[in-house]
Amino acid sequence: RGMGINAMVVAISAAAGPTVASGVLSVASWHWLFAINVPLGTAALLLGARFLPRTETLNPRKFDVTGAALNALTFGSLIYTLDGFAHHERTRTLFLSGAVLLAAGSWYVRRQLRQRYPLLPVDLLRIPIFRLSVLTSVCSFLAQMSALIALPFFLQDTLGRSEVMTGLLLTPWPLSTLVAAPIAGYLVERVHPGILGGAGMAVFASGLFLLSALPPDASSGELIWRLMLCGAGFRKADVEVKRIPVAPSVSSGFVFHGGCTFPFRRLYFFFPPRERKSYQKESSPAEPQSLLRTSRGLSRANSP
């Protein structure tokens, strides 16, 4: 449940960014769009130090310095290459960054496959339902962020709205996400998460399609109800994370400290309670590959 609350906060914060930015621009210069992170970050640091629980016993595992460096180099070169391609960097620069990406990425993945506690649990992608869940999660967040990046340009350049009005017009997205969260939390106890997630994704996709069909002279009302569809549909598609019980922390690598946390919990929730207990018994720190064996068995047990 805590991970679900965290996911909701992340989704609402991302969607509310333009609204907050419009409020900042209404009273200050654009420099404060960046400077405001300093007091907010400081406050978060102080509150975390004050209220977050302390770990009394240190983990005996050593920090994987090589893996962390390769992780930073791999994803850093990936972002740099994509950004350079979008901004028409010189071909020689793109070729060099691409070569670094291939070399570092290949070394990183091969090294993670041999690690007992990998930073990136690549072997989990062998599980079909897990692979599909990861892909669905990545695509849904990419769709949301792509829309939130493109919409301000559409509102200002095509519809002629001001910066402050642009942020205010985007407010229905995070508001509908906030309203849909408790409703979806109620439904997830009564509707299969696959059905609920699929319906939410369909509503989200419909909202995005309707946004793409907006005419150049669209009114504010035509925009608002489409944004509300997107916000409500995205929240319903992602809500099953909220109600998933805490699974073992050690499986194929330390999956809960990697980028596959939420998709794994979706995978765990798809199994009936009896099979979940079987998973908890079979997964142990001494068997880092137990997740693969257990999930295959659970998939067979859960199949018609």
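## Close-up views of a helical chain

**View 1. Ser140 in helix H6.** Ser140 lies in helix H6, which covers residues 128–158; helices (H or I, at least four residues) and strands (E, at least two) are DSSP runs, numbered from the N terminus. Ser140 is buried, with a relative accessible area of 8%. Buried means under 20% relative accessible area, exposed over 50%, and partly exposed in between (1.4 Å probe, protein chains only). Leaving aside neighbours within four places in sequence, Ser140 is in contact with Met201, Phe204 and Phe234, where contact means heavy atoms within 4.5 Å. The model is predicted: local features need pLDDT of at least 70, side-chain atom pairs count only at pLDDT 80 or more, and totals for chains, interfaces and linings use all residues. Residues are numbered from 1 along each chain as its sequence is written, and side-chain values use heavy atoms, with hydrogens and water left out.

**View 2. The whole chain.** The protein chain has 13 helices and zero strands. Of its 304 residues, 38% count as buried. Among contacts between residues at least 6 apart in sequence, 71% join residues at least 24 apart.

**View 3. Helices H8 and H9.** Two packed helices are described by the angle between their axes and the distance between the axes. Helix H8 (residues 172–187) and helix H9 (residues 193–212) pack at an angle of about 160°, and their axes are 12 Å apart. Axes are lines fitted to C-alpha atoms, for helices over the stretch in contact, and angles run from 0 to 180 degrees between N-to-C directions. H8 and H9 are therefore roughly antiparallel to each other (angles under 35 degrees count as roughly parallel, over 145 as roughly antiparallel, 65 to 115 as roughly perpendicular and the rest as oblique). On the H8 side the contact is made by Trp173, Ala184 and Leu187, and on the H9 side by Leu196, Phe204, Leu208 and Leu211. These residues divide into seven nonpolar, no polar and no charged. Here Ala, Val, Leu, Ile, Met, Phe, Trp, Tyr, Cys and Pro count as nonpolar, Asp, Glu, Lys and Arg as charged, and the others, Gly among them, as polar.

**View 4. Gly200 in helix H9.** Gly200 is placed in helix H9. Gly200 is buried, with a relative accessible area of 1%. Between the C-alpha atoms of Gly200 and Gly233 the separation is 4.3 Å, although the two are 33 residues apart along the chain.

**View 5. Helix H5 and its cover.** Helix H5 (residues 91–114) has 24 residues, which at 1.5 Å a residue should span 34 Å; its end C-alpha atoms are 35 Å apart, which agrees. The expected span is 1.5 Å times one less than the number of residues. Buried residues of H5 include Thr93, Leu94, Gly98, Tyr108 and Arg111. Helix H4 (65–86) is part of what covers the buried residues of H5. H4 and H5 pack at an angle of about 150°, with their axes 8 Å apart. The residues of this contact divide into 12 nonpolar, 12 polar and one charged.

**View 6. His88 in the loop.** His88 sits in the loop between H4 and H5. His88 has a positive phi of about 60°, although it is not a glycine. His88 is exposed, with a relative accessible area of 71%.
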